[in-house]
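Subject: Handover of a structure

Dear colleague,

Please find below the structure that I am passing on to you. My notes on its pockets and helix packing follow it.

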Amino acid sequence: VLTQESNIGKNVGQCFLTNLSTGEGVRATTKVKETKVMNPSRDTTPFAQITQELGRDVYNTPVSCPLKNSAGAPVGWGGAMGPSQFIPSTWVLYKDKINNMTGKAPDPWNIKDAFLATGVYLKDLGVATSEFKAVMRYFSGASWSKWEEFYGNSVLAIAKQYEQDIKGMQ
């Protein structure tokens with residue numbers, strides 16, 4: 001999942017939030033305005049809380065940009081954080097669990113915290129029963145469309161390759 005989401009932390013987001021009320025932002029490199037950088041009704045308040053608790057600047061902390069369709073219009077919301085690309089409202093649900101496991105305030109931009117949180121979240125999503133369903137829930141919630149299955153197929157292919165690589169080292 002971390003490879004699919006951010007290339008193991010190499011791309012933790014290309015947008016910055018600029019408006020907590022509207023969820024608008026800008027591209028990090030070009031400063032071009034973007035709508036739907038973060039869902040204002042669900043995620044901007046938790047994002048402000050998370051960044052404040054970690055001593056980060058709410059307006060200069062990278063998050064994912066919204067995906068766009070072929071016409072260049074946003075499809076859904078951006079705003080995912082760190083190597084695991086947690087949505088702020090989801091991270092808030094898991095930060096206390098991670099704190100209890102590590103004994104420190106977790107940071108979604110810290111690779112170790114992100115890795116642990118991803119594992120806990122996937123466990124809660126039912127990875128022991130169905131890896132594919134858990135990965136798809138990670139990506140798009142309880143329901144997904146056929147066009148989104150590229151994500152689950154890609155994650156499982158990456159996992160299979162990692163397993164083969166590890167077996168090759170033994």
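**Pockets**

Helix 6 contributes the most to the lining of the second largest pocket, with seven residues. Helices (H or I, at least four residues) are DSSP runs, numbered from the N terminus. Please note that this is a predicted model, in which local features need pLDDT of at least 70 and side-chain atom pairs count only at pLDDT 80 or more, while totals for chains, interfaces and linings use all residues. Residues are numbered from 1 along each chain as its sequence is written, and side-chain values use heavy atoms, with hydrogens and water left out.

The second largest pocket has a volume of about 500 Å³. A pocket is found on a 1 Å grid over the protein atoms alone, as an open set of points where a 1.4 Å probe fits, with protein on both sides within 12 Å along at least five of seven lines; lining residues have an atom within 4 Å of a point. Grid points are joined across faces, edges and corners, and a volume is the space filled by probe spheres set on the points.

Lining the second largest pocket are 18 residues, of which Val1, Leu2, Leu122, Val155 and Ala159 lie nearest its centre. Two or more residues of this lining come from each of helix 1, helix 4, helix 5 and helix 6. By class, the lining of the second largest pocket has twelve nonpolar, three polar and three charged residues. Here Ala, Val, Leu, Ile, Met, Phe, Trp, Tyr, Cys and Pro count as nonpolar, Asp, Glu, Lys and Arg as charged, and the others, Gly among them, as polar.

The largest pocket holds about 970 Å³ of space. Its lining numbers 33 residues, and the closest to its centre are Glu5, Leu67, Trp77, Ala80 and Phe139. At least two lining residues each come from helix 1 (2–6), helix 3, helix 5 (131–140) and helix 6 (149–169); helix 5 gives the most, with four residues. The lining of the largest pocket divides into 15 nonpolar, 13 polar and five charged residues.

**Helix packing**

The axes of helix 3 (residues 88–102) and helix 4 (residues 111–124) come within 10 Å and cross at roughly 110 degrees. Axes are lines fitted to C-alpha atoms, for helices over the stretch in contact, and angles run from 0 to 180 degrees between N-to-C directions. Helix 3 and helix 4 are therefore roughly perpendicular to each other (65 to 115 degrees; angles under 35 count as roughly parallel, over 145 as roughly antiparallel and the rest as oblique). In contact (heavy atoms within 4.5 Å) are residues including Trp91, Tyr94 and Ile98 in helix 3 and Leu116, Val120 and Tyr121 in helix 4. The residues of this contact divide into eight nonpolar, two polar and three charged.

Helix 4 also packs with helix 5, at an angle of about 115 degrees and with the axes 9 Å apart. That makes helix 4 roughly perpendicular to helix 5. Thr118, Tyr121 and Leu122 of helix 4 meet Ala134, Val135, Arg137 and Tyr138 of helix 5. This contact of helix 4 with helix 5 has five nonpolar residues, one polar and one charged.

The axes of helix 5 and helix 6 come within 9 Å and cross at roughly 125 degrees. Helix 5 and helix 6 are therefore oblique to each other. Among the residues that make the contact are Phe132, Val135 and Phe139 of helix 5 and Phe150, Val155 and Leu156 of helix 6. Nine nonpolar, two polar and two charged residues form the contact of helix 5 with helix 6.

With kind regards
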